[in-house]
Amino acid sequence: MDRAGNSKRGPAGPTLFRQIATRLAGFTLLFALLDVGIVVLTYSSQPESLAQELLTLEASKAQGSTALTPDLLTGPPGAEHWAARLIEPAAGESPPWSSRAGAPGGVLMDWTRRERIPGGYRISGVRSVQQGGQQRWLFMQFEGDGIRPYVPVIANEIVQHVALPLIPLSLLLLLFNVFAVRRVLGPLQRAEAEVDALDPDNVLLRLSEAPEPREVNTLVRAVNRALTRLDQTMAILRGFTANAAHELRTPLSIMQLSLDKLPPSAVRDDLQADTQHMARLVGQMLDLAQADALAVEPDVLVDLADIGRDIVAAMAPKAFAAQRDLRFEAIGDTRALGHAEAIYRIYRNLIDNALAHAPGDTPIEVTAGPGPQLSVRDHGPGIADEDLPHIFERFWRKDRRKSDGAGLGLGIVQRLAEAHGGAITASNSPGDGALFQVTFAPPEPGR
Amino acid sequence: MRLLLVEDNARLASLIREGLDRQGFALDWCETVAGAEHALAINAYDLMLLDLGLPDGEGLDLVRGLRRRQDTMPILVLTARGGLDDRVLGLDAGADDYLVKPFQIPELAARCRALLRRPGASLGTELCAGNVTLHSAERSVKVAGEPVVATPREVNLLECLLRRTGHVVAKPALEGALYSMDADVTPNALEACVSRLRKRLTAAGADVQIRTVHGVGYALFAPLGAHG
């Protein structure tokens, strides 16, 4: 039973993987922007190298182009003047504008010149290109103004230096993130499974400590410390019931025995009945506190039939004195996992309940089995339909004036059954009377 | 018959003493474990009534010490501790019975009598309930002073029930006492024996009752108001 009534699934927030992935993507983007800014800044402070890059880019366009004459090239955007032509070094021609081609034999080399002209700048230069498997030289001259002609160059630089390295790196990081998060959170998931398996009735259970990561380790240890404190609270509660029992029961004994010494009178009888009622109430409240704190060892095997015979033997004199007949029957295998004294009290409270409700001269049938279950059946008026939802409520009584109990007996039975991982059902048995059945965990196979 | 009461609450002790005195028991009282050990060293007691939480120690330690010394004196634990494991702990330590406070004197007296009747305890050879008397050495039964003829097996059965008057004696225990191991016991043999004993006692005018607890065993009840 889910006592707290809360579902296992909490509010579905973003997973840690998603959070890390989002942050990683954000950082990658920020880094890319920073990188772009650095590229733009660097080149804007170095117009010479920009000019070089511009001509190299145009030359590579010419090399890739199928146009036969370089004049057909469009040139950089925003060019006010653009000229390009091929030079045949074999012609031995030494162009007049080639001031830097002073090498002997007329060997051409790449060069770039940038000069200021009114209303802008002029860039001229030569690049070696491969066309049709043949090395040729391309002369280019260009006039322009402002940053616009450089845009393709800068864009190219960004692709080369920012996008190409960053995109695969980001993808690799995301992929790594999947594995890393899964691996790192493994101990956390195991801890979650262990916390789910925690049973409030099973003390001394702790989460197993994973040595790493340290964060999970500290969390697990904090949870374990909290569990230790809970255990201590339970121990204090148990200690309290023992102490309260002693403190209440000894004065009650003195009261009862003192009353017995009084000369017989109606007042004495009333007081005796009152103290007996009080003793019963104290006993039941302590039983309930003990039932609430009961920890059932999961591996103790008991025989429901043996316990049933014991309790029927113990209660038969009381039943006979009240003109009732108590019968016991064991059917089949009656072994179960449980706490013998707790099961004894389950029987006792159910028989007490039957004694209180069944009329005289009717049998009360106590049965163990078949299997890990017990039942107590009486031949009284049964349980009214409107009472059925209430009979296990603590302090509930059908008729407060008539009953001398505290209304805790069946609540104790239910709590004891739950502590065993079992359940109690109440119904009207076929024919007449009430039937209470309690089921327990069966012994493990092979035992 | 001498009883030792170990109880640290003086008022409760004096009430128990008076109550049991009226029931015909002689009672010595001490308040502590040390006092109890001293009393046990000086006198021989037939039964000890023992409270558990004592000022100078744990009552159960006293029980364990006695049992270690092979002392078989019956011990009835009187305690306020009614926890789920307390009774088992007490019996495991070697106590013979366990009575949770508050209790009433007739109940306490009945438990004392049951313990004193147990084999091993020093007790008289006469077992009585109501007007029925069984002489355990002579194997004779009398109802209201008149001898009643019964088979040895029926006398054995009556003795078992008388030793536990007011309590249910389980069938296996009765069968073990009545039939030897190799004897072929039919399921109805015990039932028939009980039935014959019942008829004999009724015919002789006995005021005790032998009741069947179906599925468990049999119990002999003395008439209400009589003890013994």
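Start by selecting the four strands of chain A that form an open sheet in the order 1-4-3-2, with antiparallel pairing; two strands pair if DSSP finds at least two bridges between them. Strands (E, at least two residues) and helices (H or I, at least four) are DSSP runs, numbered from the N terminus. This is a predicted model, in which local features need pLDDT of at least 70 and side-chain atom pairs count only at pLDDT 80 or more, while totals for chains, interfaces and linings use all residues. Residues are numbered from 1 along each chain as its sequence is written, and chains are lettered from A in the order in which they are written.

Colour strand 1 (81-87) and strand 2 (111-117) of chain A: each stands at an edge with a single partner strand, so one side of each has no neighbour in the sheet. Direction ignored, neighbouring strands are turned by 15° against each other on average.

Next, select strand 3 (residues 120-131) and strand 4 (residues 134-144) of chain A, which run antiparallel and are joined by 11 bridges. A:V129 has A:R136 in strand 4 as its bridge partner.

Leaving out residues up to four places away in sequence, A:Y347 touches A:I307, A:G308, A:I311, A:V366 and A:L374; contact is set at C-beta atoms, placed from the backbone, within 7 Å.

Move to chain B and select strand 6 (residues 75-79). Five of its five residues are buried, so the strand is largely enclosed by the rest of the structure; buried is 20 or more other C-beta atoms within 10 Å of a residue's own, with C-beta atoms placed from the backbone. B:I75, B:V77 and B:T79 point one way, and B:L76 and B:L78 the other.

Show the strands beside it. Strand 3 (residues 47-51) of chain B runs parallel to strand 6, with four bridges, and B:M48 stands opposite B:I75. Strand 7 (residues 97-100) of chain B also runs parallel to strand 6, with four bridges; there B:D97 is the bridge partner of B:L76.

Finally, select the contact between the chains, which takes 32 residues from chain B and 31 residues from chain A. Helix 1 of chain B gives the largest share of the chain B side, five residues.

Key
Contact = placed C-beta atoms within 7 Å. Axes fitted to C-alpha atoms, helices over the stretch in contact; angles between N-to-C directions. Buried ≥ 20, exposed ≤ 12 C-beta atoms within 10 Å, placed from the backbone.
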